[in-house]
Amino acid sequence: MTADQVPTRPEDAKPIPVGSKVPDVKVMDLEGKAVSLKAIASKPTVVVFYRGGWCPFCNRHLSDLRNAEAGLKEMGFQLVAITPDLPAEITKTMGKDKLDYLIYSDSSAEAMKAFGVAFTLDPGTVAMYKDNYKIDLEKSSGQTHHILPVPSVFITNGKGEVKFVHANPDYKVRLTAEEVLQAARKAM
């Protein structure tokens, strides 16, 4: 999917369905090294896409997911979050919200596009974020594409297969830690 094929509305995003293979794309770790998402998901994984550390709904969700981490580990799952933020921005978010699960940068939007959750913000919204809320998406991501993910959760089985998908174009609607745990139990 090229940048001009990315939907301009979150409602038009088309997440990959249950039964799909985990896309073989790269994300960046906190040191800025490219890592294969397919390799990361070579064990049962809960993959969470979030908009960025600047988003209060995302920060609340990331903090709530800490409550699921121990239960996920008991079931053999790892918890991984992916954001368009650069690694330096992720480090700030992890420290502020006391997160210790893995978070990767997808500033290139490669993973968001491959998972079908990417959308491009319109110029008016980009300007409003910057002018009214002091949110500089270009500074956060290091890119000018203005692509964000629809907040979403994918659960994989470790064989590269997607077993659960939740994506809601309303960025205020997120799965709770308990709902993630329930979905992981069913996906086993």
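This is a predicted model: local features need pLDDT of at least 70, side-chain atom pairs count only at pLDDT 80 or more; totals for chains, interfaces and linings use all residues.
Q: Which helix gives the largest share of the lining of the largest cavity?
A: Of the 13 residues that line the largest cavity, the closest to its centre are P84, L137, S141, I147 and L148. By class, this lining has five nonpolar, five polar and three charged residues. At least two lining residues come from each of α6 (137-141) and β7 (147-149), and the largest share, four residues, is that of α6.

Q: How many residues of the lining of the second largest cavity are charged?
A: The second largest cavity is lined by H61, P151, S152, V153, H166, V173, R174 and L175. When these lining residues are divided by class, four are nonpolar and three are polar, and the number that is charged is one.

Q: Which helix supplies the largest share of the lining of the largest pocket?
A: The largest pocket, with about 160 Å³ of space, is lined by R51, W54, P56, F57, M128, Y129, Y133, I135 and Y171. Its lining divides into eight nonpolar residues, no polar residue and one charged residue. Both α2 (56-74) and α5 (123-133) supply at least two of the lining residues, and the largest share, three residues, comes from α5.

Q: Where on helix α7 do its buried residues lie, seen down the axis?
A: The buried residues of α7 (residues 177-187) are A177, V180, L181, A183, A184 and A187. An α-helix has 3.6 residues a turn, so residues three or four places apart point the same way. What covers the buried residues of α7 includes β3 (44-49), α2, β8 (152-157) and β9 (162-167). Seen down the axis of α7, the buried residues fall within an arc of 165°, so they line one face of the helix.

Q: How many disulfides does the count come to?
A: A disulfide is a covalent bond between the sulfur atoms of two cysteines, and the cut-off applied here is a pair of sulfur atoms within 2.5 Å. The cysteine sulfur closest to that of C58 is in C55, at 3.1 Å, which is too far for a bond. By this rule, the number of disulfides is zero.

Q: Are C55 and C58 buried or exposed?
A: A residue counts as buried when its relative accessible area is under 20%. For C55 the relative accessible area is 0%, while C58 has a relative accessibility of 1%. By that cut-off, C55 is buried, and C58 likewise counts as buried.

How values were computed: Residues are numbered from 1 along each chain as its sequence is written. Side-chain values use heavy atoms; hydrogens and water are left out. On a 1 Å grid over the protein atoms alone, a cavity is a set of points where a 1.4 Å probe fits but cannot get out, and a pocket is an open set with protein on both sides within 12 Å along at least five of seven lines; lining residues have an atom within 4 Å of a point. Grid points are joined across faces, edges and corners, and a volume is the space filled by probe spheres set on the points. Ala, Val, Leu, Ile, Met, Phe, Trp, Tyr, Cys and Pro count as nonpolar, Asp, Glu, Lys and Arg as charged, and the others, Gly among them, as polar. Buried means under 20% relative accessible area, exposed over 50%, partly exposed in between (1.4 Å probe, protein chains only). The arc is that of the directions from the helix axis to the C-beta atoms. Contact means heavy atoms within 4.5 Å.
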